[in-house]
Amino acid sequence: MPRTPLRAASAILLALAALTVPTAHADEAAPAVLAAHADEAAPVAVTVNARAALATVPETGLGTNHAIWDSRLGTDETADLLKGAGMKVLRYPGGSYSDIYHWADHTAPGGYVAPDTDFDTFMRGVRRTGAQPMVTANYGTGTAAEAAAWVRHANVVKGYGVKYWEIGNENYGNGHYGAVWEADDHPDKSPAEYARHVVAYSDAMKAVDPTIKIGAVLTTPANWPDGIVADGDAGTWNDVVLAAAGSKIDFVILHWYPGAFDRAAHVPDMIHLTRQQIAKHVGAGSERIGIAMTEFNTGSNSGGTTTQPGALAAADAYATLLANGVFTVDWWNVHNGIGNVTQVEGHTDYGDFGLLSSGTCTSDGGVCEPAANTPFAPYYALQMVSRFARPGDRFVRAATDQAKVVAHAVRRPGGELAVLLVNTSSDTSYPVTIGYSGFSPAPGAPTVLTHTNGATSITTSTAGSATGQTLPPLSLTTVVLRPASAQTGLPGLPGQPTVSAVTDRTATISWPAASAGTRPIAKYEIHRQNGAVTEQIGETGGTSLTVRNLRPGTRHTVNVIARDSGGGVSAPSSPLTFTTGTPASSSCSVRLTKQSDWASGYVGAIDITNDGAPVSGWTLNFSWPNTWQSLGSGWGAVWTQDGRDVKVVNDPGNGSLPTGASATVGFVGNYSGPNTLPAVFTLNGTVCTTR
């Protein structure tokens, strides 16, 4: 077959267990374990808090991308491998090919279409896999009528029940911001034109099947061209698209190629900023709009796309994205083709973005991949995630005190708890001690699933204890724990909390009542998350409480727990996240505005107004919300930065601020992750009102 083409845009990198080895089951290959150095490593403390609930694992959580240039798209072998990895979503027809593909005659002018990759063949594979399809309608060279006809063929004629439909792929890559990789025949390449067509596509497609879900393409926070306002536009791509089409869509589409292991820390702010944008433009009821990560690949600059570093990054990112409420994360790609060949952690890395080998060779024939459909290391990572976090499980907070070890945890509906531990160290086996809050594990050795560097399967054993495991270097370990005792008759789950009347220091939290168990409900407790630790910040016998003494300008995540008259407690409610403001009135006020943005930095202006007594010298203080933000330069005052703290002092001889007077200072802010702006400013020690 012709060499599989690489993904045009998305292949461009943007930043780019016990002390003894557990015995594998007889039908599983033993892992290749590097020499352990447990005696050289300090024990890692892992904290799991079952009272700090995050998102529920959706049915559509784990997915991957198919492509019409892949001749193995429709084979039973491929479908069975994807089923074995736990794939629940298969996306079609393949990235940027979506914007040149015409489904009715199965053509993609300008691109290669492999035999046996038509839509009906794809759907046979979807059904064999036991997944749901995600279909990308052709925006670039297609029409709303063509997309509506596809819906009719899929759901009316064939009865496939395709629920999720994207409108285009990476349509901001159509040249409007300079770079061109996405086909777009529209004379107007602007986000306003894209939004206008999203509305037309949605109306036409839902006229055929009102039950379908329509997705619109957004830029991913801190990934080009996010934040950029092109000439003639009323705002950024996201602002324009959401303002015009927000009422017509059901989900938004992000793509992310982080390029390094530690980027999972970006996810909470990435999703938070996306949610803020949706809420700003859609308003009431905006929570109905889901977030889909329909393309993801680690694509590490240091190598590791097909070897264990890429696998570890994949598991961490999938778990983090799902815990933060993304309803599907779809790997790019099932098959992709050989790329830059390197040696990574003792194994050949083929630079292939696929889950499965394409069996291709370098152009000179010097290096060939293993046999076609051989799983690469990220395949086992996604398989591990599917066994760790099953649909209906609830993510709960987990953390470690060692940067080389990452932890995730889920609570299962039946009471079990599973902990995923990722050891990113190349040469150190880490002993871990696991502490639990809100969960008492049963005695005895738990079930342990392990994948190590170079292994060709996940091994299952009973090993260690609920509180102690040893993690091999470059490994994924899932510990599955039973509760110490079955608890019955407990209160049901409180309903989804909501917030109102948020000020700088107070907020009113309300929730639907929980159903009583064998004893009446005595009270509800509100618990605030602080990493993997929670603190109770209030309780009440009712279903609403005003919490006080909050920090201004701070993001708070809380859960509600019901406690009955015998002391029995419910599982925690779904999380509620809200941000406090600044004082409604103060002796000073501050306005921060962005003058320009280039997706890795921006020019900011800060207007400072003295609303109190005259001052003869002033100091403004604020802090960057994240470690990946920094001060590039500043003007209009003397600027200094210490860690994340920024101090702005008036220029000599220019410190007078009479009552009602204002001063304006400017700066360049740099960022390499989601750019959450500073929210709290103090002037001479007083918290100002942020306008």
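Modeller: Happy to! Let me start with a term we will need: a residue counts as buried when its relative accessible area is under 20%, as exposed when that value is over 50%, and as partly exposed in between. Please keep in mind that this is a predicted model.

With that in hand, let us go to the pair formed by Phe119 and Tyr160. Both of these residues are buried. A pair of aromatic rings is described by the distance of the centres and the angle of the planes. For Phe119 and Tyr160 the centres are 5.7 Å apart and the planes make an angle of 75 degrees. Planes over 60 degrees apart count as edge-to-face, so the pair of Phe119 and Tyr160 is described as edge-to-face. The two partners come from distant parts of the chain, 41 residues apart. Phe119 belongs to helix H2, which covers residues 119–129, while Tyr160 is in the loop that runs between helix H3 (144–157) and strand E5 (164–167).

Phe119 and Tyr160 are members of one aromatic cluster, together with Tyr92, Tyr101, Trp103, Phe122, Trp150 and Trp165. In the structure as a whole there are 39 aromatic pairs.

Now follow the chain around this cluster. One of its members, Tyr92, is joined to Pro93 by a cis peptide bond, with omega near 15 degrees. Pro93 itself is in the loop between strand E3 (89–92) and H2. Helix H2 also contains Thr129. Thr129 is buried as well, because its relative accessible area is 3%. Thr129 and Leu90 are 39 residues apart in sequence, yet their C-alpha atoms are 8.9 Å apart in space.

Most residues other than glycine have a negative phi, and most peptide bonds are trans. A cis bond also joins Trp224 and Pro225, where omega is about 0 degrees. You will find Pro225 in the loop between strand E6 (213–217) and helix H5 (237–245).

Two asparagines have a positive phi. Asn373, in the loop between E11 and helix H8 (377–388), has a phi of about 75 degrees. Asn373 counts as buried because its relative accessibility is 4%. Asn684 has a phi near 50 degrees, and its place is in the loop between strand E34 (682–683) and strand E35 (686–687). With 40% relative accessibility, Asn684 counts as partly exposed.

Thr307 is another loop residue, placed between strand E8 (290–296) and helix H7 (308–323), but Thr307 counts as buried, at 5% relative accessibility.

Lys594 lies over the face of Tyr602, at 6.0 Å from the ring centre.

Finally, here is the setting for everything above. The protein chain has 8 helices and 36 strands. Its radius of gyration is 26 Å, close to the 26 Å that the globule rule gives for 691 residues, so the chain is as compact as a globular protein of that length. Along the principal axes, the C-alpha atoms fill a box of roughly 80 × 65 × 50 Å. Of the 691 residues, 56% count as buried, and Phe119 and Tyr160 are both buried. The accessible surface comes to about 25700 Å², with 51% of it belonging to carbon and sulfur atoms. As for charge, the chain carries 43 positive and 55 negative side chains, and the centres of these two sets lie 9 Å apart.

Technical notes. Residues numbered from 1 in each chain as written. Predicted model: local features only at pLDDT ≥ 70, side-chain atom pairs only at ≥ 80, totals over all residues. Heavy atoms only, no water. Helix = DSSP H or I, 4+ residues; strand = E, 2+ residues; numbered from the N terminus. Rg over C-alpha atoms; globule rule 2.2 N^0.38 Å. Buried < 20%, exposed > 50% of the residue type's maximum accessible area, 1.4 Å probe, protein only. Areas by Shrake-Rupley, 256 points an atom, 1.4 Å probe, with all protein chains shown as cover. Lys, Arg positive; Asp, Glu negative; His and termini not counted. Charge placed at Lys NZ, Arg CZ, Asp CG, Glu CD. Phe/Tyr/Trp six-rings, centres within 6.5 Å; stacked < 30°, edge-to-face > 60°. Lys NZ or Arg CZ within 6 Å of the ring centre and 35° of its normal.
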